[in-house]
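Reader: I would like a close look at one helix pair. Please set it in the context of the whole chain.

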Amino acid sequence: MKLLIIKNDGFGDFILVKNLIKNINKKYYDIDIVISKNNEILTKDIENIKNKIVFDYYGPNFSYNNKISGKDKLKLSNLKKKKYDLCIVLRRYLNDEQVLILNEINAKSIILCHEFFSSREPLKCNFKKVKISKNLLNDYDYFNTFLKKINLIKKEKIKISSKLLSSKNYLVLNLSGERQFKNIENLKLLINIIKKNYNKKTYIIGKTLNNEMNIKINNLLRKINSKKLINLWSKSNFSSSMNLINHADYYIGFNTGLSHYASMINIKSLIILDSGGNNKWFPYPESMKKNISYWTYNTPCAG
C-alpha cells in the first residue's frame, strides 16, 4: 500500500511525531513523506520512509510574496504524477502550505485530523476528516490517537531516551524565541542568574529574524565580560545546536523546536514560557515527562 505523509512544518513540530512515524509498519506500507527544509535533518534515521520530498517554499515560512523556486516547482510537478492509496496530514492547524500541496495529490483516499483550518486556499480535494477529542491538549497524544484510529499504528512504543552521550560540563542557553525580551533587561537578569549559580561554561545559541532585537541582544552580549560565556548567537544552525545540546549538562530555552529536542533526549532542562495557552506547549503525556522544569508568567485571566 502506497502511503504519503504530509508534514511540511517546523523543526519542533516534527520532533513530536517522529517516533510515531517510525512505528508505521514498513512491511505493509511504502511510505513517502513531504517535509520542509526546516525539519529534514530529523528524518535521517527514520528507516521506514522510502522517499522524501523536501520543499523550501511550501514550508513554515510560507508567504505568497516569496517566489517559488524552480526546484520546488519541479518537485510539486513530479508529486502530481505519483499515485497513492492513502495520504494523511499530521497537522492540527491546516495552513496554506499544506492545502496547496493537498490540492495536487493523486490519492484514492485522503484523511485529515486538523482542529483548525488556517488556509485562505480552499480544499478542492475529496477527503475524510477524523475527529480527535479537544481534551488531548498535547500534540503527541493527539497524533497518536489519530494514527491508531486509522489503523496505521497499533501499540505505543515511544519513550523518552535515556541520556547516553557523555556530558562535557557546560550549559546551553537558547535565545531563539526571544520575544520574551521585549525588555532587554530581562535577558541581562537571566544571564546574571546563570553566572551566579553555574560556574562552568555557558554556550549561547539561537537566532532571530527581527533585526532590531538582533542588535539589542548582540549589544548586550558584547558588554558581558566573561571567559565562561561562549557567544554563538546568530552563528549556530540546527545541526551544530543539536550537537551542543547532545553533550550538555543543562539546557535553558523557550517555546522552540530545540527545547522539544532537549526534552526528548532527556537533558535536564528549564523551559521558560509566557502566559496564555502555555499549557499547549506540553507535547508529552505524563508518562514521558522527566528532567524538565518550567517557569511561566503568572498573568491573571490568561490562558
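Author: What follows starts with the helix pair and then turns to other parts of the chain.

The model is predicted. The pair is α1, residues 11-22, and α4, residues 139-149. Their axes lie 9 Å apart. The packing angle is about 30°. Angles under 35 degrees count as roughly parallel, so α1 is roughly parallel to α4. The crossing of the two helices is right-handed.

Which residues of α1 and α4 meet? From α1 come Leu16, Val17 and Leu20. From α4 come Asp139, Tyr140, Phe143, Asn144 and Leu147. By class, the residues of this contact divide into six nonpolar, one polar and one charged. Asp139 is a charged residue, and it belongs to the α4 side.

Now the chain as a whole. It has 303 residues, and 51% of them are buried. Its secondary structure comes to eight helices and 14 strands. Take the contacts with a separation of 6 or more: 61% of them join residues 24 or more positions apart. The accessible surface of the chain is about 16,300 Å². Carbon and sulfur atoms hold 47% of that surface.

Next, a loop residue. Proline 60 sits in the loop between β3 (49-55) and α2 (70-81). Is proline 60 buried, exposed or partly exposed? Its relative accessible area is 34%. Buried means under 20% and exposed means over 50%, so proline 60 is partly exposed. Leave aside its neighbours within four places in sequence. Proline 60 is then in contact with Asn8, Asp9, Gly10, Ser36, Asn38 and Glu97. Glutamate 97 is one of these partners. It is 37 residues from proline 60 in sequence. In space, the C-alpha atoms of proline 60 and glutamate 97 are 7.7 Å apart.

Last, helix α8, residues 257-264. How many of the residues of α8 are buried? Eight of the eight are, so α8 is largely enclosed by the rest of the structure. The buried residues are Gly257, Leu258, Ser259, His260, Tyr261, Ala262, Ser263 and Met264. Asparagine 266 follows α8. The phi of asparagine 266 is positive, near 70°.

To return to the pair: α1 and α4 pack with axes 9 Å apart, and their crossing is right-handed.

Definitions and conventions: Residues numbered from 1 in each chain as written. Predicted model: local features only at pLDDT ≥ 70, side-chain atom pairs only at ≥ 80, totals over all residues. Heavy atoms only, no water. Axes fitted to C-alpha atoms, helices over the stretch in contact; angles between N-to-C directions. Helix = DSSP H or I, 4+ residues; strand = E, 2+ residues; numbered from the N terminus. Parallel < 35°, antiparallel > 145°, perpendicular 65-115°, else oblique. Left-handed = near helix turned anticlockwise from the far one by under 90°. Contact = heavy atoms within 4.5 Å. Buried < 20%, exposed > 50% of the residue type's maximum accessible area, 1.4 Å probe, protein only. Areas by Shrake-Rupley, 256 points an atom, 1.4 Å probe, with all protein chains shown as cover.
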